[in-house]
Amino acid sequence: VLYSDFIHGSDIMIHHLFIINPAAGSYNRTEEASQIIHKICRARKLSYEIRVSTAPGECARIAREACQTGKELRIYACGGDGTLNEVVAGVAGFDNAAVTVYSGGSGNDFVKLFDEPKAFFDLNRLMDADEATFDLIRCNEDVALNICSVGLDARIGTDVSNYKRLPLLQGFRAYAASTVVNVIRGISEHYVVEVDGETIDDEQTMICVCNGRFYGGGFNPVPEADPSDGLLDVLLVKKVSRTQVPAVIGKYKSGRYAELPHLVRHLKTKSIRILCDKPTPINLDGELRTAQVVEMSVAQEKVRFFYPKGLSWAAKTPAHT
């Protein structure tokens, strides 16, 4: 489906592309979002276009084809973190496009990096924007903007979509439901982790690689993570028992990993390699991938990210006690 309405005669040279994912969130917001976009863009006399994805991966294709025109673009991922992930994958390597998210998903976790994440629901405020250059995570053949993980955490994160459209299970409740189910299935697995010349051969509950700060409907594992510092923040969580899970997850969720030095190790690195005994789920900004060898690094590509003017994304102080 293509909606287009180009306003001629405007001296604004930027073309605004809105990519709507109808599968994002708890219901299809296509008509609702389109009406708002038309109203605001016409009032501002902008050159703009609305595209609606019809299949997984199409958001990336639409974004990539738009970038290949060479136009100066602002691309709005209309959805949640999965939609943003697809759009970022499409623009990676192109300097003529800046990206944002016009929030409409169930988690909207990446924008919790900012001090006023609700501003991403306000299109007028998104139009008056500041811009930053953020790192990307290269995960095998894919890129991610926010957080990737392997292990229990990945199984929990990628299963959330099975619960988020059930009554009363939006946001963190869907994550909690997925946690209970996956803890019952099994907690730890054997991995060989290679990082900064060290080899760690051990049972691990999960391995979390952070560029951003929030995921899973409110988990904030590394509050000081900085998406522009050229480094990844990695948490290695050793094998824990079922009785330890609630306490560990509670501290992990609030960024208090330093209170668990016997179980959680924090590293800052440019790359990490994880060897799994079998093909293993990978959480890539909430999207599922599977691999037996997982290589993550700071990508050569960067992404221009724009956000409502005046917002701050300065690193938070760790919530240690």
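How many aromatic pairs does a search of the whole structure find? The search finds twelve, a pair being two rings of Phe, Tyr or Trp (its six-membered ring) whose centres lie within 6.5 Å; planes under 30 degrees apart count as stacked, over 60 as edge-to-face and the rest as tilted.

The model is predicted, so that local features need pLDDT of at least 70 and side-chain atom pairs count only at pLDDT 80 or more, while totals for chains, interfaces and linings use all residues. Residues are numbered from 1 along each chain as its sequence is written, and side-chain values use heavy atoms, with hydrogens and water left out.

Select F18 and Y76 to begin. Their rings are stacked, at 4.2 Å centre to centre with 15° between the planes. F18 belongs to strand β2 (residues 15-20) and Y76 to strand β4 (residues 73-79), 58 residues apart; strands (E, at least two residues) and helices (H or I, at least four) are DSSP runs, numbered from the N terminus. Both F18 and Y76 are buried, that is, under 20% relative accessible area with a 1.4 Å probe, protein chains only.

Next, select F110 and F305. This pair is edge-to-face, with 5.3 Å between centres and 70° between planes. F110 lies in the loop between β5 (97-103) and α4 (123-127), whereas F305 is in strand β14 (residues 287-308), 195 residues apart. Both residues, F110 and F305, are buried.

Finally, select R74 and F306. R74 lies over the face of F306, 5.0 Å from the ring centre; the criterion is CZ of Arg or NZ of Lys within 6 Å of the ring centre and within 35 degrees of the ring normal. K253 likewise lies over the face of F219, at 5.9 Å from the ring centre.

Terms used: Buried < 20%, exposed > 50% of the residue type's maximum accessible area, 1.4 Å probe, protein only.
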